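This report describes a single protein chain for a reader who has the sequence and coordinates at hand. Please consult both while reading.

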Amino acid sequence: MTDSSSVPSRDIDRTASGLAACLPALHRALDRHIAASYPHPKPPEGQLALLRFVARNEGATVREAAQALLMKPNNVSTLVSRMTEAGLLERRQDSADKRGAHLYPTDTARRRLAEVRELETAHIRQALMSLTDGELGALGSAVGALTALTSRLHPAAR
């Protein structure tokens with residue numbers, strides 16, 4: 001592991017600037033490809049993020065989801081209500097605290113998340129196939145570093 005204090009600050013600044021410009025554009029491009037090929041109305045990113053979180057953390061509360069997604073609890077609560085009405089989430093009452101509820105994805109949500117994941121993978125795979133071996137190797141090596149960067153910027157994303 002390289003000690004970041006030994007890397008010139010201009011290199012760190014160039015990398016930070018490049019990532020700040022590239023990652024949102026990459027996300028938007030992928031999102032547009034998914035929206036164009038998804039057979040259902042594509043849920044907004046906030047709903048997809050909540051579905052992904054609940055699928056990974058079944059039984060989570062609204063507060064836990066809000067914290068992990070860096071959203072306000074009342075906004076997550078509104079999303080949960082909409083998604084419950086749409087048949088994507090189940091809200092089950094806490095057996096110990098009747099005021100609390102735990103969130104679970106429905107079978108429909110699981111299927112739709114799987115469809116989105118498959119489309120994401122297919123679109124990225126297609127783009128990766130057009131890269132040089134060197135570019136592909138660099139991206140493969142960068143995945144671990146990007147995961148580490150994500151966890152430093154957002155520890156709850158782990």
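**Overall fold**

The model is predicted. The protein chain contains 6 helices and 2 strands, arranged along the sequence in the pattern α-α-α-α-β-β-α-α. Its C-alpha atoms occupy a box of roughly 55 × 40 × 20 Å along the principal axes. Of the 158 residues in the protein chain, 22% are buried. When contacts between residues at least 6 apart in sequence are considered, 50% of them join residues at least 24 apart.

**Packing of α2 against α4**

How do helix α2 and helix α4 cross, and at what angle? The axes of α2 (residues 45-56) and α4 (residues 73-85) come within 11 Å and cross at roughly 85°. Angles of 65 to 115 degrees count as roughly perpendicular, and α2 and α4 are therefore roughly perpendicular to each other. On the α2 side, the residues that meet α4 are Gly46, Gln47, Leu50 and Leu51. Their counterparts in α4 are Val76, Leu79, Val80 and Met83.

Thr61 belongs to the loop between α2 and α3 (62-69). Neighbours within four places in sequence aside, Thr61 is in contact with Ala101, His102 and Leu103.

**Salt bridges**

A search of the whole structure finds 6 salt bridges.

| Salt bridge | Closest N and O atoms |
|---|---|
| Glu120 and Arg52 | 2.6 Å |
| Arg110 and Glu58 | 2.8 Å |
| Glu90 and Arg92 | 2.9 Å |

Glu120 forms a salt bridge with Arg52. Glu120 lies in helix α5 (residues 107-128) and Arg52 in helix α2, so this pair ties together parts that are 68 residues apart in sequence. Arg52 has a relative accessible area of 18%; because buried means under 20%, the residue falls in the buried class. Arg52 and Glu120 also belong to a network of salt bridges that includes Glu45.

Arg110 forms a salt bridge with Glu58. This pair likewise links distant parts of the chain, with Arg110 in helix α5 and Glu58 in the loop between α2 and α3, 52 residues apart. Arg110 is partly exposed at 34% relative accessibility, and Glu58 is partly exposed at 41%.

Glu90 forms a salt bridge with Arg92. Glu90 has a relative accessible area of 32% and is partly exposed; Arg92, at 39%, is partly exposed as well.

**A nonpolar surface patch**

Which residues form the nonpolar patch on the surface? The patch consists of Leu23, Leu26, Leu146, Leu149 and Leu153, which together have about 450 Å² of accessible area. Helices α1 (9-37) and α6 (133-153) each supply at least two residues of the patch. The most is given by α6, with 3 residues. Leu23 is found in helix α1. Because residues of a patch must have over 30% relative accessible area, the value for Leu23 is of interest: Leu23 is partly exposed, with a relative accessible area of 36%.

Notes
Residues numbered from 1 in each chain as written. Predicted model: local features only at pLDDT ≥ 70, side-chain atom pairs only at ≥ 80, totals over all residues. Heavy atoms only, no water. Patch = residues over 30% accessible without salt bridge, like charges linked within 9 Å, V, L, I, M, F, W, Y side chains within 5 Å. Areas by Shrake-Rupley, 256 points an atom, 1.4 Å probe, with all protein chains shown as cover. Salt bridge = Lys/Arg side-chain N within 4 Å of Asp/Glu carboxyl O. Helix = DSSP H or I, 4+ residues; strand = E, 2+ residues; numbered from the N terminus. Buried < 20%, exposed > 50% of the residue type's maximum accessible area, 1.4 Å probe, protein only. Axes fitted to C-alpha atoms, helices over the stretch in contact; angles between N-to-C directions. Parallel < 35°, antiparallel > 145°, perpendicular 65-115°, else oblique. Contact = heavy atoms within 4.5 Å.
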